[in-house]
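Open the model in your viewer and keep the selection tool at hand.

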Amino acid sequence: MDLVEKIVESGVVAVVRTDSPEKAVEICHACKEGGIIAIEITFSVPRAVEVIQQIDKELGNEILLGAGTVLDPYTAKIAIEAGAKYIVAPNLSEETALLCNKHRVPYIPGVLTPTEIVKALELGVPLIKLFPASAVGPSYIKAIHGPLPQAKLLPTGGVNVENVKDWIKAGAAAVGVGGGLTKGSRKEIAEKAKKLVQAVKEARE
């Protein structure tokens with residue numbers, strides 16, 4: 001199964017954004033313990049490259065490791081060399097898309113409007129991050145899928161345990177969850193991860 005299919009099947013991408021490398025590593029382990037296997041380490045984490053390298057070494061065979069907040073092709077190349085298997089961004093960069101295509105690494109850019117979604121499709125983007133999802137709500141996915149049913153959307157921003165079922169039922173391919181998952185102790189994060197995975201499973205049934 002290709003990587004994007006695995007991400008979609010897993011249902012939840014954990015967005016790791018924190019102010020310490022040690023905490024980022026702890027969050028990654030907690031998410032894995034709770035059953036989330038798609039984990040994105042953002043470049044806003046201090047020493048993000050070292051964190052990606054460490055997690056790739058410790059959990060690389062057990063998780064789908066990505067890099068987030070990748071704004072340009074230079075950062076994308078650094079992330080790929082560090083061990084990231086997919087690249088996530090809050091924006092759509094044609095240059096980054098081309099670099100990722102060249103390295104055969106999935107690029108998941110952040111877009112919001114129909115024009116941006118079509119542009120992403122034209123660039124061969126396999127999974128599109130709808131961001132910030134909180135600005136539009138789940139009904140937006142149904143509206144987009146009217147004219148663009150082929151767009152696989154990953155809403156991120158404002159997704160949490162309480163509303164994840166609404167997003168999946170509206171047609172989200174999977175969801176990205178940051179603050180709604182990664183705050184708290186290791187045990188609390190693992191518990192939230194379990195609830196998110198279970199909620200996605202129930203919403204799909």
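## Stop 1: the nonpolar cores

This is a predicted model. Start with the largest nonpolar core, which has 63 residues. Select Ile55, Ile87, Val175 and Leu181, the members that touch the most other members. Leaving out residues up to four places away in sequence, Val175 touches Gly11, Val12, Val13, Leu154, Pro155, Val159, Val164, Trp167 and Ile168. Another core, of 13 residues, lies apart from the largest one. Select Val4, Ile7, Val8 and Leu127, which are among its members. As background, nonpolar side chains tend to be buried together in soluble globular proteins.

## Stop 2: helix 4 against helix 5

Select residues 73-82 for helix 4 and residues 94-103 for helix 5. How far apart are their axes, and at what angle do the helices pack? The axes are 8 Å apart, and the angle is about 30°. Angles under 35 degrees count as roughly parallel, so helix 4 is roughly parallel to helix 5. The crossing of the two helices is right-handed.

Next, show the side chains at the contact. Helix 4 contributes Pro73, Ala76, Lys77 and Ile80. From helix 5 come Glu95, Thr96, Leu99 and His103. By type, these contact residues divide into 4 nonpolar, 2 polar and 2 charged.

Stay on helix 4 and pick Thr75, which belongs to this helix. Is Thr75 buried or exposed? Its relative accessibility is 16%, so Thr75 counts as buried. Beyond its neighbours within four places in sequence, Thr75 is in contact with Phe43 and Val70.

## Stop 3

Most residues other than glycine have a negative phi, and most peptide bonds are trans.

- **Thr69.** Look in the loop between strand 3 (64-68) and helix 4. At 22% relative accessibility, Thr69 counts as partly exposed.
- **Arg104.** Move to the loop between helix 5 and strand 5 (107-108). With 77% relative accessibility, Arg104 counts as exposed.
- Pro132 sits in the loop between strand 7 (128-130) and helix 7 (139-145).

Definitions and conventions. Residues are numbered from 1 along each chain as its sequence is written. This is a predicted model: local features need pLDDT of at least 70, side-chain atom pairs count only at pLDDT 80 or more; totals for chains, interfaces and linings use all residues. Side-chain values use heavy atoms; hydrogens and water are left out. Axes are lines fitted to C-alpha atoms, for helices over the stretch in contact, and angles run from 0 to 180 degrees between N-to-C directions. Helices (H or I, at least four residues) and strands (E, at least two) are DSSP runs, numbered from the N terminus. Angles under 35 degrees count as roughly parallel, over 145 as roughly antiparallel, 65 to 115 as roughly perpendicular and the rest as oblique. A crossing is left-handed if the near helix is turned anticlockwise from the far one by less than a right angle, and right-handed if clockwise. Contact means heavy atoms within 4.5 Å. Ala, Val, Leu, Ile, Met, Phe, Trp, Tyr, Cys and Pro count as nonpolar, Asp, Glu, Lys and Arg as charged, and the others, Gly among them, as polar. A nonpolar core is a set of buried Ala, Val, Leu, Ile, Met, Phe, Trp, Tyr and Cys residues joined through side-chain atoms within 4.5 Å. Buried means under 20% relative accessible area, exposed over 50%, partly exposed in between (1.4 Å probe, protein chains only).
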